[in-house]
Amino acid sequence: MISIRNLSKHYGDLIVLDQIDADIQKGEVISIIGPSGTGKSTLLRCLNLLEMPTGGSIRIDNIELMDKNTQVPKIRQRMGMVFQSFNLFAHLTVIENLTLAPVKLLGKSKADAEIKAIELLKLVGLAEKAHSLPEELSGGQKQRVAIARCMAMEPEILLFDEPTSALDPTMVSEVLAVIRRLSKEGMTMLIVTHEMEFAKNISTRVFYMDEGKIYEEGPPEQIFINPLKEKTRAFIHRLRSKQYHVSSRDYDLYALQAEMEVFCDKHMFSRKITDNVLFVAEEVLLLLSDYHDVDISLTYSEKDGSLQLSCESSGLPVNPLADGVLEDDLGLILIKSKCLSLDYEYLNGKNILLLRLKV
């Protein structure tokens, strides 16, 4: 239904969208997730030319949107957009907000437009508010009216630009319930959202965007449970990491521990957990003293509260955490007492240690 090829959007030297390719089939629900500033909203705005792309192609049912002969207003009528800030006409009642465009643009009679408007207000649970002004509604009610107003134009595609971001958390569920109902009715939808559980449950596919690209796409089971790419994994699990490099045996232990302590303080770990992190890091580096160029990563997952220390070092494949490898295994015993698990693998010429610390 929608075919996107080499879509780009630049603001001077700033590249917001970078050669995006995507296909959306009729009836699909695509959730677009990713960090702020990665082009998610710009992608939606380019699809209906609220933002003019710098280059590339957008085809809606094989009609090239960027062809100078294309009647863009006609295409826009097929593609409704729901914004963060509702954009209702403040001086019009709810039902007047819903009937204005169908009468002016679709040529419907006022009576027919009002009948349809009441049906849509019933769909979103707001028929009793038909004659209220927007100022009399809550944020969640305004957003449901905005969705009904889009539906009044009988679109084939709905674009949602973070439809719940301006809402109080108590109002989010009522808007998401309406979107769920539309998905069950087969509406083609693209939804920019930060509601991860909602995206996981409603989507047929998920786009993870980063640095102006669709970095990874796939079914929700892939993206949310077993993402294939590192940045996706870090975003989904809300990983916060700090990397360190030790290039020789004469490294500055105090500087390393000071940086780790700052990381622990930032994420509000207790003094006991911080001391364990510093202790384990020091002991592991003693075990790795015969290896070259050790890369250390301390990673905290906001999603499950786990804390992991990983070490990568060049050298022969020897697991220093295995029982019996060391002559004096007191250090290993102490490390094990501070950790939930210790894992080792040899990959691409690297000894990789993964230690999950107790928190």
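Two strands pair if DSSP finds at least two bridges between them. Strands (E, at least two residues) and helices (H or I, at least four) are DSSP runs, numbered from the N terminus. Residues are numbered from 1 along each chain as its sequence is written, and side-chain values use heavy atoms, without hydrogens or water. This is a predicted model: local features need pLDDT of at least 70, side-chain atom pairs count only at pLDDT 80 or more, and totals for chains, interfaces and linings use all residues.

Start with the sheet. Strand β9 (residues 205–210) pairs with β10 in the antiparallel sense, over five bridges. Within this stretch, V206 stands opposite G218 of β10. Both strands belong to an open sheet of six strands with mixed pairing, in the order β6-β7-β8-β3-β9-β10. Its edge strands, β6 (79–82) and β10 (213–218), each pair on one side only. From one strand to the next, the twist averages 20 degrees. Angles run from 0 to 180 degrees between N-to-C directions, and axes are lines fitted to C-alpha atoms, for helices over the stretch in contact.

Helix α6 (residues 169–184) packs on this sheet and touches β3 (29–33), β7 (157–161) and β8 (188–192). Contact means heavy atoms within 4.5 Å. The direction of α6 makes about 150 degrees with that of β8.

Now the pockets. On a 1 Å grid over the protein atoms alone, a pocket is an open set of points where a 1.4 Å probe fits, with protein on both sides within 12 Å along at least five of seven lines; lining residues have an atom within 4 Å of a point. A volume is the space filled by probe spheres set on the points, which are joined across faces, edges and corners.

The largest pocket holds about 740 Å³ of space. It has 19 lining residues, and R233, L239, S241, T299 and Q308 are the closest to its centre. At least two lining residues come from each of α9 (230–236), β11 (239–246), β12 (292–301) and β13 (307–314). By class, this lining has four nonpolar, nine polar and six charged residues.

The second largest pocket holds about 640 Å³. Of its 23 lining residues, G80, M81, A101, C150 and M153 are the closest to its centre. Two or more residues come from each of α2 (72–77), β6, α3 (94–105) and α5 (139–152). Helix α3 gives the most, with five residues. This lining has 15 nonpolar, five polar and three charged residues.

Finally, K272 lies in helix α11 (residues 271–287). Its C-alpha atom is separated by 54 Å from that of N48, 224 residues apart along the chain.

Conventions. Nonpolar A, V, L, I, M, F, W, Y, C, P; charged D, E, K, R; others polar.
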